[in-house]
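Dear colleague,

Here is the model I said I would pass on. My notes follow below it.

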2 protein chains.
Amino acid sequence: MEDKMKEILELFEAKRYKAIREALYGVDVPHMVDMIGELKDQDRVLFFRLIPKDSAAAVFTELSGETQRIIVSAISDPEIHAIMNELYFDDKIDVLEELPANMVSKILKNTTKAERQLINQFLNYPEDSAGSIMTIEYVSLSRDMSVAEALEHIKEIGLTRETIYTCYVISPTKVLEGIVSLRDLVTQEPDVLVEDIMEEDIVFVSTWDDQEEVAHIFRDYGFMAMPVVDGEHRLTGIVTIDDIIDVIEEESTEDFQKMAAMTPSDEPYLETSIWTLAKNRITWLIILMLTAMITGFIITGFNDVLQASVILVSFIPMLMDTGGNAGNQASTMIIRGIALGEVDYKDIAKVLAKEFGVGIIVAFIMAFVNFFRILFMTPASLAVNVTVTFTLFITVVFAKLVGCALPLFAHRVKLDPAIMASPMITTIVDALALTLYFVTAKILLGL
Amino acid sequence: MEDKMKEILELFEAKRYKAIREALYGVDVPHMVDMIGELKDQDRVLFFRLIPKDSAAAVFTELSGETQRIIVSAISDPEIHAIMNELYFDDKIDVLEELPANMVSKILKNTTKAERQLINQFLNYPEDSAGSIMTIEYVSLSRDMSVAEALEHIKEIGLTRETIYTCYVISPTKVLEGIVSLRDLVTQEPDVLVEDIMEEDIVFVSTWDDQEEVAHIFRDYGFMAMPVVDGEHRLTGIVTIDDIIDVIEEESTEDFQKMAAMTPSDEPYLETSIWTLAKNRITWLIILMLTAMITGFIITGFNDVLQASVILVSFIPMLMDTGGNAGNQASTMIIRGIALGEVDYKDIAKVLAKEFGVGIIVAFIMAFVNFFRILFMTPASLAVNVTVTFTLFITVVFAKLVGCALPLFAHRVKLDPAIMASPMITTIVDALALTLYFVTAKILLGL
């Protein structure tokens with residue numbers, strides 16, 4: 001397939017468009033998406049138009065928001081209409097959410113009034129809510145159907161539904177009454193009633209629930225799909241497991257980015273412009289640069305100590321890096337634990353006790369190694385050595401406690417724990433470490 | 001449910017075991033798993049025995065490896081046998097992989113010879129391979145069956161299979177010939193032949209493929225299940241999407257831990273002992289503490305510069321933190337991009353160009369802010385200010401380039417990119433920043 005992709009891209013360079021059209025039959029959607037990703041922005045529309053009609057919609061939903069915008073602004077109304085008609089409802093909503101308002105109205109112009117209302121309702125669900133990732137393509141049955149009737153109904157409508165493996169039993173007013181799996185339907189005798197085999201004790205989410213919560217439930221229960229209900233327990237849609245995979249990867253990516261002091265973005269790296277990347281990074285870099293002023297003030301405040309013993313300076317980077325690393329380890333464990341639903345604010349006493357224990361153990365070993373390292377490898381006096389080793393010990397223990405506590409506090413006050421990661425903790429631990437270092441030096445060196 | 005869980009745990013404290021047994025009916029598996037997690041180690045076996053028989057196996061597979069070991073070593077052979085009999089084959093393998101050898105043989109003793117051979121084969125697949133996460137519970141059909149015969153066959157065997165939604169068409173020698181979904185079977189007329197509706201152009205993986213690769217394919221294609229074949233294209237098992245969710249979360253957790261300089265572990269935080277946590281963290285802390293010696297040597301080497309201008313010291317923490325943060329942002333983007341399959345070594349020229357651009361933009365803004373900050377808020381001379389600002393600019397650009405290049409090089413030589421994260425890069429960038437800082441100071445301050 002790699003060879004074929006290369007060949008097609010070469011045909012594109014050579015502007016042999018008819019040959020591409022033929023070569024693209026038999027190429028699957030992910031590979032076509034990859035090829036578009038390889039092209040320059042201005043070539044993407046042209047290439048997209050060469051894709052076989054019956055794959056165009058599937059390829060379109062998989063493109064990045066940036067590329068979708070380029071394509072929608074370039075192609076004609078009938079072309080847009082054809083693509084949108086092919087899309088599943090939840091993919092349609094995803095696409096519309098990415099587009100700017102003028103393009104959305106360009107698209108909505110081409111839909112029926114009923115669908116326009118439904119789309120507007122979906123676009124109003126908060127980003128990252130169950131409502132924003134659910135689909136309306138599901139099979140609904142009523143409790144008084146027989147298995148044979150149910151299977152007949154599925155046969156009639158099944159082909160247009162994104163998932164038919166779980167069927168939802170609803171009342172005439174759309175209240176969710178139970179679920180029945182296709183597996184159960186095909187393994188039962190035809191004359192059994194749906195209400196006799198449906199599961200009534202079901203797990204569901206509400207339209208406004210956070211998508212991360214929904215992902216936890218999927219993982220804990222091993223579901224393939226889950227119903228979404230409104231305040232009156234009416235079925236409004238279903239969430240399917242393939243969308244949950246996207247949620248899990250997005251949430252992890254966001255956490256990685258926040259923990260590295262960036263504004264999160266779910267656009268693929270290679271398709272993000274230099275300006276956007278710079279914008280996402282500069283805010284936190286400036287904030288952290290300015291908060292690092294504090295360490296500068298502390299050092300200036302202890303100028304006399306430094307003047308008296310310049311060798312103290314040579315251990316500052318090691319103390320700061322070690323404090324940062326120790327805190328980073330603890331905060332990463334806790335932030336990840338919170339994200340996976342394994343750790344919660346109510347566990348704070350247990351967590352602090354654990355980190356205190358871990359801190360004492362690792363600090364002891366490190367202090368030991370450090371003491372002999374300084375003794376044998378540097379000209380530092382015993383007093384300086386003890387100053388460094390003592391500061392190292394306290395810094396490591398303190399870093400572990402701050403590292404685990406801050407994310408839990410953030411979680412408690414409904415802030416995102418991930419922003420309390422490494423860079424934030426490093427700044428706090430640095431300030432403590434430096435102050436302790438100089439005060440200890442003052443006492444032990446008799447300054 | 002929260003209330004009920006609290007009530008049950010109180011009953012447990014009060015040793016009212018009979019009442020617990022009754023109360024546990026109607027509690028679902030994830031909540032029982034949660035309750036066991038809340039208990040002390042020594043109480044877990046007792047509580048586990050109170051769980052209704054038909055949920056015991058499902059609860060057991062969801063427990064942490066640590067808890068499974070405690071339970072297996074405490075309960076009797078017939079009890080183990082009963083649990084193992086209830087498990088799906090892939091869950092059974094997962095459990096066996098977590099247990100020490102003596103417990104594995106205790107369990108294997110209770111199985112048939114044929115199953116023992118199959119289990120041994122599965123235990124030999126490398127950890128993190130497709131073979132290690134696949135299951136043997138799938139529906140296989142032959143191409144000359146009719147739809148009616150196929151549905152009849154599914155009815156007979158369906159209930160014991162983990163997934164029947166995709167059926168696999170195999171030859172008499174087990175070579176994979178095609179797939180057909182249950183959706184297609186129920187929506188077709190009964191006398192159509194399987195070979196006429198089966199999809200022959202299928203995506204599959206091999207037993208030895210890495211589970212992360214498999215997860216990428218699931219995400220790209222939106223599959224619910226995927227066949228696994230051996231070297232002769234014979235079907236050996238299938239991987240289902242619920243196991244892929246576990247893979248994705250595990251791989252992310254590992255990356256988070258490696259990036260924070262820890263030995264990865266997939267045990268839940270609260271159930272990991274202090275000793276294990278300390279052991280996972282100490283190695284990298286010591287390595288990084290010792291490599292930080294380099295910065296100490298650099299500072300000692302420029303002792304004369306420091307003696308002449310002690311104010312230079314007060315900017316060292318800010319320069320180091322900023323370099324670390326800037327590098328961390330770049331490395332996080334690239335490590336995550338590699339993990340998601342979006343970025344590869346072949347993109348290195350593009351990536352370097354991008355990071356160079358981003359570096360220049362953010363470095364310019366930061367240098368600007370920093371210059372005026374020093375000018376108005378510190379007593380530093382213009383020469384010192386220019387030294388700091390110049391070093392800051394170069395450090396940020398350099399950090400971006402090192403931050404993106406190291407993970408790509410690691411990936412190229414088949415090392416894990418995640419170990420090239422923040423702490424490693426910080427050490428390299430620190431050394432460059434300090435050297436540049438002192439050399440610039442020497443020149444500009446005329447020392």
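Helices are DSSP runs of H or I of at least four residues, numbered from the N terminus. Ala, Val, Leu, Ile, Met, Phe, Trp, Tyr, Cys and Pro count as nonpolar, Asp, Glu, Lys and Arg as charged, and the others, Gly among them, as polar.

Chain A is superposed on chain B by a rotation of 180° with 0.0 Å of shift along its axis (RMSD 0.1 Å), by least squares on the C-alpha atoms of residues with pLDDT of at least 70 in both. This is the relation of a two-fold axis. The same surface serves both copies, as 100% of the contact residues of chain A recur in chain B.

Within chain A, helix α1 (residues 2-13) and helix α2 (residues 17-24) pack at about 160°, with their axes 8 Å apart. Axes are fitted to C-alpha atoms over the stretch in contact, and angles run from 0 to 180 degrees between N-to-C directions. The two helices α1(A) and α2(A) are therefore roughly antiparallel (over 145 degrees). E7(A), I8(A), L11(A) and F12(A) of α1(A) meet A19(A), I20(A), A23(A) and L24(A) of α2(A). Seven of these contact residues are nonpolar, none polar and one charged.

Residues are numbered from 1 along each chain as its sequence is written, and chains are lettered from A and ligands numbered from 1 in the order in which they are written. As the model is predicted, local features need pLDDT of at least 70 and side-chain atom pairs count only at pLDDT 80 or more, while totals for chains, interfaces and linings use all residues.

Regards

Terms used
Angles under 35 degrees count as roughly parallel, over 145 as roughly antiparallel, 65 to 115 as roughly perpendicular and the rest as oblique. Two residues are in contact if their C-beta atoms, placed from the backbone, lie within 7 Å.
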